[in-house]
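Biologist: I'd like to learn how to read a model like this one, feature by feature. Please give me the general idea each time, then the case at hand.

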Amino acid sequence: MSLESSIMRIEDFVCSAPSTSSLADFGNCMSEVEMPSPIDFYYTRSREIILYGTTTRLDEMERLGGLLLLGLISSAEGYFRSILSITLDICPVCKSTAAEKQINLGGVLWHGKEEFRRSAFEHMSFTSGKELISAAKGYLDFNMKGGTFDSILKDFDSICHLRHGLIHNAGILPGRNAVQINIRSHLKPVEILIDFGFLQNAAASIESLVVTFNRALFSELCGRWAVAWRNRSDWIPENERKKFLQIWNAFLCKSELQNRHGKSKITASKCMDKIKIDYNL
């Protein structure tokens, strides 16, 4: 045995020892942000990602598409956590539905009494239609089943099967996920490579789910404002507009409103008038 081999440890034969390092202060990674409505925040983050994912960049780095796809899914997850927690805060029907749910103490300590509702969904991963349906029903008493959501939830599930491989398997598609999205069998492992076209289609599918959810839940809360809230003993007629504005501000997409045709007709007052007509108030 050579002298060099005699002073080596067994583990040195397979790869070199790692360099010594330690994490810097986590505070350097944090920055406070102003949070707009959940739908506005989603649009801002997701469109930044799409704009970055040019054909040139994706051609130069073939695995970049997978990273950007993860960012799009994360943006959607952030939307769902935010809108669910805000809805839970403003809707008395939701509060009754979720009254016996438990939340993590750490989340309460971090967010404080003003924002502790955000802790309700921190243990959930909104990366499947099943999880989203369960949270909407279990916390908000909002039913997502039906033709409106079926096809877009199916597409979202398929995208999230790719997510699983990208995050948990170094970009290699696991067999369980491959079977569920009907990928043909291969002799060798299959790597997930997201090109420009697929990234664009995935972004459109994710956005379709987010926007459909935002519209449907807004409509549901408007109906509750018109009927269920008014039938409660704690309803104060003088607070009618104040309560509606809580819904309006939580769901309105202000960034889109700036460029919408006929935006002068899209106001909280006119929306209230439409609800009162539809519900004979």
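Modeller: Let's start with the polar contact: a pair of N or O atoms within 3.5 Å, where, within protein, one must be able to donate a hydrogen and the other to accept it, and residues adjacent in sequence count only if both atoms are side-chain atoms. Here, a polar atom of the T212 side chain sits 2.7 Å from the backbone oxygen of S208. Before we go on, a caveat: this is a predicted model, so local features need pLDDT of at least 70 and side-chain atom pairs count only at pLDDT 80 or more, while totals for chains, interfaces and linings use all residues. Numbering runs from 1 along each chain as its sequence is written, and side-chain values use heavy atoms, with hydrogens and water left out.

Biologist: Which helix does T212 lie in? And is T212 buried or exposed?

Modeller: Helices (H or I, at least four residues) and strands (E, at least two) are DSSP runs, numbered from the N terminus. T212 belongs to helix α10. For burial, under 20% relative accessible area is buried, over 50% is exposed, and in between is partly exposed (1.4 Å probe, protein chains only). T212 has 18%, so it's buried.

Biologist: What does T212 touch?

Modeller: Contact means heavy atoms within 4.5 Å. Leaving out residues up to four places away in sequence, T212 touches T148, F149 and I152. F149 and I152 are themselves among the buried residues of α8.

Biologist: What span should α8 have, going by its residues?

Modeller: The expected span is 1.5 Å times one less than the number of residues. Helix α8 covers residues 147-168, 22 residues in total, so it should span 32 Å; the C-alpha atoms at its ends are 32 Å apart, which agrees.

Biologist: Which helices do the buried residues of α8 pack against?

Modeller: They pack against α4 (64-90), α7 (129-140), α9 (175-180) and α10 (196-226). The buried set in α8 includes I159, C160, L162, R163 and L166, and these turn up again where α8 meets α4.

Biologist: At what angle do α4 and α8 cross?

Modeller: Axes are lines fitted to C-alpha atoms, for helices over the stretch in contact, and angles run from 0 to 180 degrees between N-to-C directions. The axes of α4 and α8 come within 10 Å and cross at roughly 120 degrees. That makes the pair oblique; under 35 degrees would be roughly parallel, over 145 roughly antiparallel, and 65 to 115 roughly perpendicular, with the rest oblique. Handedness comes next: left-handed if the near helix is turned anticlockwise from the far one by less than a right angle, right-handed if clockwise. This crossing of α4 and α8 is left-handed. On the α4 side, G66, L69, L70, I73 and E77 do the meeting.

Biologist: How do the axes of α4 and α11 cross?

Modeller: Helix α11 (residues 240-251) comes within 11 Å of α4, axis to axis, crossing at roughly 175 degrees. The two are therefore roughly antiparallel. In α4, I83, I86, T87 and I90 meet Q246, I247, A250 and F251 of α11. Now look at L221 in α10: with near sequence neighbours left out, up to four places away, L221 touches T87, I90, C91, I247 and F251. L221 has 0% relative accessibility, so it counts as buried.

Biologist: Where is S128, and what does its side chain do?

Modeller: S128 is in the loop between α6 (105-115) and α7. Its side chain makes a polar contact with that of E131, at 3.1 Å. S128 is buried, at 18% relative accessibility, and it touches F156, D157 and C160, again not counting residues up to four places away in sequence.
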